[in-house]
Structure formats: C-alpha cells, structure tokens
Amino acid sequence: MVKKRVPDWLNSSLWSTPQHPPSPPSNDAAKPPVAPVVEPPPPVPPPEPPRTSVHSKSASKTEIKDPLSSNYGSNSNSSACHSDEENGARSSSANSTASAIGAAASVVPAPPPPVAEIISKQAQLLQELSRKVMNMGELRRLASEGLPDGSGIRAVVWKLLLGYLPPDRSLWPSEFAKKRSQYKHFNEELMINPSDITRRLEKASLEKNEPDDGSQGFLSRSEISHEEHPLSLGKSSIWNQFFQDAEIMEQIDRDVKRTHPDLQFFSGDSTFAKSNQEALRNILIVFAKLNPGIRYVQGMNEMLAPIFYVFRSDPNEENAASAEADTFFCFVELISGFRDNFVQQLDNSVVGIRATITRLSQLLKEHDEELWRHLEMTTKVNPQFYAFRWITLLLTQEFNFPEILLIWDTLLSDPDGPQETLLRICCAMLIIVRKRLLAGDFTSNLKLLQHYPATNISHLLYVANKLRGH
C-alpha cells in the first residue's frame with residue numbers, strides 16, 4: 001500500500017527556517033506602543049503575567065511578543081522550533097532546507113517592525129469596536145490573527161466572541177446591568193450557609209410572633225420543619241444538600257490554590273491574589289450548583305483562569321470590578337461548547353471525549369498517514385495518553401500563559417466553533433514535531449507529547465489553519 005505523502009504545503013517557505021537569524025528581543029520591540037485613545041476601551045495596559053511556563057518548562061521557552069509585531073517568533077529558539085517541521089517535509093527537500101539554514105545564519109538581523117504597522121493593526125480593531133453595530137465576521141478575522149495585550153481590546157472582543165455582549169453597542173449597558181444583577185442573585189442564593197437561612201427563619205418567626213406584652217419570644221420546636229433540621233437526610237433538606245456540596249467545594253478550593261502558581265496574579269499572599277482566588281472559587285461553586293449534570297470537573301479552574309485574567313485586567317475600572325460576574329457567563333458559554341467532554345456517562349458515546357479523541361486520530365491519519373501509522377501502529381502510543389489533557393483543558397497545560405491567550409484568540413474567533421479548531425491545533429502540534437516522533441519509540445514519544453516542547457505559536461496556528469483547507 002502506498003503511504004500518503006506529507007502535503008507539499010508543509011515545505012512552504014512561509015514557515016520554514018527564517019531568512020534572518022534571530023536576535024534578542026528588546027523591550028521596545030516586544031511591546032506594541034499604546035494606541036490613541038479611542039472608545040472603547042481606554043489604552044491603559046494591565047499587569048502582564050510573567051513569562052514563565054505553567055509547568056516550569058526549560059528556560060529555553062521563547063519570549064512572547066505581541067502577535068501584531070512582524071518580529072513575532074523571531075527569537076533565540078526559532079531554529080529549534082522549526083527543525084521538526086522542516087524535517088517533516090519529504091526527504092528530497094532536506095538538503096535545500098539545510099542550505100537555507102546555513103545561508104540564513106550570515107544575514108543581518110531584520111529591523112524591528114515599523115511603528116505605523118503596529119498602530120494600524122490596533123487601530124483596525126479599535127475602529128471595528130467603535131461601530132454602532134459590530135461586523136462580527138470582520139471582528140473574527142482580526143481576532144484570529146491575534147489580539148494585542150493591554151488597552152483592554154481582548155476583554156471586549158472575547159465578550160463579543162463568546163456571545164456575552166450583542167453586536168449592537170447600544171444594548172451593552174442593559175446587558176451588563178442584567179447579567180451582573182443576575183450573577184449577584186445567584187451568589188446570594190447559592191453561596192449562603194444553611195445556618196444563615198435558619199437564623200433568618202428564626203428572626204422572621206420571632207418578629208411575626210412577638211408578644212404584645214414585650215416579653216422575649218422563643219421559636220417553638222414544633223415550628224422547625226424536618227427539612228430545616230441539620231440532621232435531616234431528606235432530598236429537599238438544605239442541610240443535606242450543603243453536606244453533599246462540601247466535597248466538591250473542598251476539591252474546588254484545592255484546585256484554585258494550585259491555579260498557575262507561577263503567576264502572582266493567582267498565587268501568593270497578597271490581597272489582590274487572594275481576592276482573585278476567591279472569585280475563581282465563587283464562579284466554580286455557582287456553576288457546579290446550577291449545573292448538577294456536570295457539577296465540577298477537576299481542571300475547570302485552568303479553563304476559567306484565562307477568561308478571568310483578561311477581564312480582571314481590563315483598564316476600564318467598572319468592567320474590571322465586575323470581572324467575576326462577566327467571567328461566569330462567558331465561562332458557561334465556553335463550557336457549553338465542550339459540555340459532552342465533561343459528562344462521564346457520555347465518555348463512550350458518539351459525542352463523548354473518547355469519540356473526540358478518535359476524531360483527532362482520524363484527522364492526523366488524513367493529513368499525515370505515515371506519522372499516524374508510526375504512533376498508533378508501530379510505537380502503540382494511544383492518543384488518550386496525551387490528547388485527553390490537550391482537549392479537556394483546551395491546551396492550558398501545554399503552553400505558558402501569554403501563549404495560551406494567543407491560542408484562545410484563534411479558538412474563540414473561529415466561526416466553526418472552538419471544538420473543530422482545537423482538534424486542528426492538536427493535529428498541527430503532532431505534525432510540527434513529526435521528525436522527533438518518527439525517530440522515537442513508545443517511551444520517548446509519550447514523554448515528548450506529555451511535555452510538549454517550546455514552539456512558535458504563530459507558526460503552530462498557521463499550520464492548524466492550513467489543515468482546514470486540506
């Protein structure tokens with residue numbers, strides 16, 4: 001049987017070894033200038049997360065720069081990031097690629113991107129966001145190319161892409177007021193301790209039965225219903241439900257404390273970090289109580305963190321103060337697209353997580369049958385060993401935090417929905433390290449895929465997009 005060859009586009013010079021050798025990025029080149037003040041939102045940069053890996057990956061992790069910069073991806077790891085992709089091409093092009101690498105080493109480094117180009121890119125987004133009614137198609141196109149850090153643009157765009165805000169700007173104030181009021185109601189009703197409910201009932205009863213002579217009234221034992229008793233096992237008992245929820249709440253507490261320990265935004269003893277942890281905890285508890293079919297699944301905290309970080313870092317103080325409420329509804333919308341992956345009863349169904357992993361395997365077979373055969377037939381690396389975490393946690397454990405935000409720009413902006421885009425990105429992750437995988441055995445390949453190496457995110461997303469049309 002003739003094996004399918006790697007597509008010719010994998011040899012494209014657009015994403016092979018750069019024509020210029022990498023140069024150490026300067027602080028000025030790494031950060032785009034602040035755009036002119038245009039509503040919305042004000043261009044005040046939020047605190048940036050440290051450029052460290054979620055899993056304390058090696059120091060060779062590439063520094064993340066604004067994707068609007070033409071220097072994006074030109075760093076000290078460029079050659080390493082591209083070596084696997086180049087070797088993934090047919091052997092007939094290997095010598096020419098190697099020659100290109102040698103030739104590139106003697107070329108003068110490329111100049112930094114022109115300021116006008118950066119401002120123009122950001123101005124397009126600001127102009128689109130300033131319209132009375134957004135053109136969602138154009139907004140998705142711009143977002144898919146990566147959104148700039150700072151200036152609050154990403155916070156607004158994500159709310160639009162996740163359906164939290166309608167395209168008509170005139171409706172935003174009423175939507176904000178309605179959703180934030182609704183979340184406040186959820187908190188008041190679902191986060192209350194049963195003992196507080198009992199005290200309220202006692203107080204109401206005392207006020208109702210207060211004696212005319214002014215003597216102190218007492219709550220009669222006969223007035224305490226069975227459902228209100230702390231030892232009640234009835235299904236409608238608020239105490240019984242409270243004790244059932246306690247285990248989930250403990251799990252949420254543990255996971256929240258482990259959320260991105262390398263980022264001071266989420267960890268540490270500062271009041272700011274603790275308030276952010278408390279917000280994550282509240283959102284997850286409210287979600288679990290409102291969605292008994294899913295409840296809380298370990299790892300949801302990792303999916304929640306990027307949304308909350310972006311919204312809490314909004315330079316608009318009013319929006320930042322309401323980040324918890326805004327994040328809750330956007331998190332619900334995000335989870336709805338992957339709901340079946342979290343329902344254990346559906347694991348073996350046609351819509352469960354195993355079926356999703358099978359679709360990834362089929363996608364790889366379609367685009368690179370040689371690699372698929374080596375992984376699954378020769379080395380027996382079951383996709384579940386690595387893809388389960390990739391898919392269920394939306395790649396939040398495979399890359400550092402700034403990279404996650406860029407990947408999510410693409411995930412959320414795809415009109416086909418995040419699920420299909422996620423699978424294409426996962427497939428691209430396999431293809432661009434194909435040389436190492438083809439040369440490896442079970443142990444080395446499993447280790448590589450469970451600890452994915454540093455890569456050029458712009459390049460990864462390019463490959464994933466190419467898979468759409470092939």
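Helices H6 and H11 cross with left-handed geometry in this predicted model. The two helices pack at an angle of about 125°, and their axes lie 8 Å apart. H6 is therefore oblique to H11. H6 also packs against helix H17, while helices H14 and H15 form a further pair. The cavity count comes to 2 at a threshold of 30 Å³ or more.

**Contact of H6 with H11**

- Helix H11 spans residues 300-312, and H6 covers residues 153-161.
- On the H6 side, the contact with H11 is made by Arg154, Ala155, Trp158 and Lys159.
- Pro306, Ile307, Val310 and Phe311 supply the H11 side of this contact.
- By class, the H6 contact with H11 comprises 6 nonpolar and 2 charged residues, with no polar residue.

**Contact of H6 with H17**

- H6 and H17, the latter formed by residues 401-413, pack at an angle of about 30° with their axes 10 Å apart.
- The crossing of H6 and H17 is left-handed.
- H6 contributes Arg154, Trp158 and Leu161 to this contact, and H17 contributes Leu405, Leu406, Trp408, Asp409, Leu412 and Ser413.
- The contact of H6 with H17 contains 6 nonpolar residues, 1 polar residue and 2 charged residues.
- Arg154 and Trp158 of H6 take part in the contact with H17 and also in the contact with H11.

**Contact of H14 with H15**

- Helix H14 (residues 353-367) packs against helix H15 (residues 369-378) at an angle of about 130°, with 5 Å between their axes.
- The two helices are therefore oblique to each other.
- From H14, the contact draws on Ser361, Leu364, Lys365 and His367.
- From H15, the contact draws on Glu369, Leu371, Trp372, Leu375 and Glu376.
- Sorted by class, the contact of H14 with H15 holds 4 nonpolar, 2 polar and 3 charged residues.

Key
Residues numbered from 1 in each chain as written. Predicted model: local features only at pLDDT ≥ 70, side-chain atom pairs only at ≥ 80, totals over all residues. Heavy atoms only, no water. Axes fitted to C-alpha atoms, helices over the stretch in contact; angles between N-to-C directions. Helix = DSSP H or I, 4+ residues; strand = E, 2+ residues; numbered from the N terminus. Left-handed = near helix turned anticlockwise from the far one by under 90°. Contact = heavy atoms within 4.5 Å. Nonpolar A, V, L, I, M, F, W, Y, C, P; charged D, E, K, R; others polar. Parallel < 35°, antiparallel > 145°, perpendicular 65-115°, else oblique. 1 Å grid on protein atoms, 1.4 Å probe; cavity = no way out; pocket = protein on both sides within 12 Å on 5 of 7 lines; lining within 4 Å. Points joined across faces, edges and corners; volume = space filled by probe spheres on them.
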